[in-house]
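This report describes a few features of the structure shown below. It begins with a pair of helices and then turns to other parts.

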2 protein chains.
Amino acid sequence: MSAKHSASIIAIGSEMLGPTRVDTNSLKVTAAFESFGIGVVRKSVVGDTQDQLVDEIRHSLEHSDILITSGGLGPTEDDMTREALAEALGLTMEVDAGIIERLEKRFAARGWVMPEVNKRQANVFVGQTTLTNERGTAPGFHIEHDGKHVWVFPGVPHELEWMVTTYLTPWLASTTGGQSRFRRVLKIAGMTESGVEERLKTYYAAHPEPLTILATSGQTELHLAADGAESEALALIAAREAELRELFAHKIFGVDDDTLEAVVGRMLTERGETVATAESCTGGLLASRITDVPGSSAYFMGGAVCYTAAAKIDLARVDPAIIAEHGEVSEPVAIALARGARERFGTTYGIGVTGIAGPGGGTEAKPVGTVHIAVAGADAHKHWKLLWPMERSLFKRITTQSALDLLRLFIVRT
Amino acid sequence: MSAKHSASIIAIGSEMLGPTRVDTNSLKVTAAFESFGIGVVRKSVVGDTQDQLVDEIRHSLEHSDILITSGGLGPTEDDMTREALAEALGLTMEVDAGIIERLEKRFAARGWVMPEVNKRQANVFVGQTTLTNERGTAPGFHIEHDGKHVWVFPGVPHELEWMVTTYLTPWLASTTGGQSRFRRVLKIAGMTESGVEERLKTYYAAHPEPLTILATSGQTELHLAADGAESEALALIAAREAELRELFAHKIFGVDDDTLEAVVGRMLTERGETVATAESCTGGLLASRITDVPGSSAYFMGGAVCYTAAAKIDLARVDPAIIAEHGEVSEPVAIALARGARERFGTTYGIGVTGIAGPGGGTEAKPVGTVHIAVAGADAHKHWKLLWPMERSLFKRITTQSALDLLRLFIVRT
């Protein structure tokens, strides 16, 4: 194939034409294309209507030589993708008995009988490649048609992601003769987007090429990119990264796909250290994020969700006199929770969180959004008082982000 | 205009074809259409390329009688929307001196001189309606063409939002005669999508109008919709809902925006009852979901995240002999955790969860994904053994969904 590929993406599903859901699968597909220097020229969302879908497939193939579709491969009558592809590309379908067998086994493993409708998922295209889906029931397809390539993936995000990694990326690598765009993402916690912008002024002045800044809840990402031969592109990125690390120092907690919980987990694993939590206003989210990391049972011993004063006293052994004197939302209670967690679970570190998530419970002295976070080690502790007056789930997310970052900084410095 | 309108939306801008940004403007536009019963049949994103844009405008108008475009109205050469519309629809452009004057004043008010390029924003369509933009520099347009309507809006979200409210919504109200669409969503837990489909066979046979089924992790939604006069539409929806409630009975846990955690919270609040948790493999997510609900501090007393056998014994007072005999992942331990949580926190109900989230830790007898859930009350308990062999965060999400549903069913039956 020539170097001038272009791609289109169609997301199929009426639910994405309503006012509540956007297609995010296309971002993962686009990232795969981008690393091989292939531009996405159009993306679209269409409903589960065969005529629309047929037109959309034809229209997309007029504008690009690679087409990705996601969704519409389920077992129900709403799922039209197979039929629309057959019509748009003039393909013939047949039943693959092997797929039916695999599906029946999958259901049997759970003690269920396969519903009759699932047999629709065994319809494949004569002469084309069927892609086994190890994450779900809907197989995908790779269809070659008039020198163009159509990749048909399920719409469930983690299934699509697996298919992109397993089938599309290796094909792109072999077809394009290798990666041509290189990326590096640096991740910053504990700074606002405008604070990051401000500190980048000298960097901007020195370098004309764009630096993409992406702010999400509780973190800011710096996206570096370079095109060309691998060694030169990587050298350029490395030089820029060195400058940015100079500017942001320990504010940079990780790179690329790193999450704060994974970074902290790696640090604990390397050091053979452990952690436990005692949290109030974050209601278990801190423990939950720590345990989102595979292998976290090696360093996370447990946590207490202390939603009442009694629970703080009973589970985290907070002295009732401290609560009486300072109130439940206070620096001394946060420190006592951190120490209590550490002692109760016998860990290297303890994290304590106490605050007012809202919408109720605020006072003039302690408004909604007030939060005290503490990390305790054997003979030291560190405390932050923060104010995140925002919607409850965002408050929980950002507060746990701060708590993980405080632990990270505490570990680095001890 | 007749009742059979349909709409398309085109978002214009190369930045939305990269791996980091999605178009969210279309959600605001879709919400406006939906309340007047107008369906969006397709959405697309195209870059700043005139040929692509011309094709896309024509393609969209073949599939709908209302088209909304957002973006590409800025002053730079990247901004092609005006030229593409002129070409696609055969319109003539002229300079509107009034716009130039207004722009110059706008710049002067900030002490700036208007850059020459901004004059491009004074190009309007002969015989069509120009829409003043009080939030920015780019005017919008309402173009009538062959009985179809094209609304051209800027891409900056708060500018677009203002234009939708100021121009589009009033026009929709007058054009549709106030006709509205009414919706009702029924939410089901504890069934697979295909299981739901199977049970709907008689319903499908009896009713030709579409019922949208939406499956997300751990729940399935049935979307009912009816168009027309309010009282008739609502009566139709009520009749269909009654039939569906007959079919699914207690499997339906809520409606519309309900979440399982909010429904359980409402039940506990109404009864003046309380709950506590002792969870292992879900790592705090169960407590976190319960505390996502505003006001949950009234009925959630706390939780223990017991990631080790020692924590199960210490925090949830599980008898070590039970663990020794049955292993940590077993029915007796789940029940002991539920009872332990209930006693420790002095609550009406306790929930216990123990399982193997993976990817490590599975055995032949207890493979990855095995989970035991129990709910305990004063003198009864209920237990489920489930198998969710899937990626870790999905496992946690679905397992907590099951745990909340078990609590709901336990409360209903006691």
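In this predicted model, helices H2(B) and H3(B) lie oblique to each other. Helix H2 covers residues 50-63 of chain B and helix H3 covers residues 81-89 of chain B; their axes come within 9 Å and cross at roughly 55°. The crossing of H2(B) and H3(B) is right-handed.

The contact draws on residues of both helices. H2(B) contributes Gln50(B), Leu53(B), Val54(B), Ile57(B) and Arg58(B), while H3(B) contributes Thr81(B), Glu83(B), Ala84(B), Leu85(B), Glu87(B) and Ala88(B).

Between the two chains, 58 residues of chain B are in contact with 60 residues of chain A. Strand S14 (residues 300-306) of chain A and strand S14 (residues 300-306) of chain B run antiparallel and are joined by five bridges. Ala304(A) stands opposite Ala304(B) in S14(B).

Gly272(B) is found in the loop between helix H9 (260-271) and strand S13 (275-279) of chain B. Is Gly272(B) buried or exposed? Gly272(B) is exposed, because 9 other C-beta atoms lie within 10 Å, and a residue with 12 or fewer counts as exposed. From Gln128(B), Gly272(B) is 144 residues away in sequence and 62 Å away in space, C-alpha to C-alpha.

Key
Residues are numbered from 1 along each chain as its sequence is written. Chains are lettered from A and ligands numbered from 1 in the order in which they are written. This is a predicted model: local features need pLDDT of at least 70, side-chain atom pairs count only at pLDDT 80 or more; totals for chains, interfaces and linings use all residues. Helices (H or I, at least four residues) and strands (E, at least two) are DSSP runs, numbered from the N terminus. A residue is buried if 20 or more other C-beta atoms lie within 10 Å of its own, exposed if 12 or fewer, and partly exposed in between; C-beta atoms are placed from the backbone. Axes are lines fitted to C-alpha atoms, for helices over the stretch in contact, and angles run from 0 to 180 degrees between N-to-C directions. Angles under 35 degrees count as roughly parallel, over 145 as roughly antiparallel, 65 to 115 as roughly perpendicular and the rest as oblique. A crossing is left-handed if the near helix is turned anticlockwise from the far one by less than a right angle, and right-handed if clockwise. Two residues are in contact if their C-beta atoms, placed from the backbone, lie within 7 Å. Two strands pair if DSSP finds at least two bridges between them.
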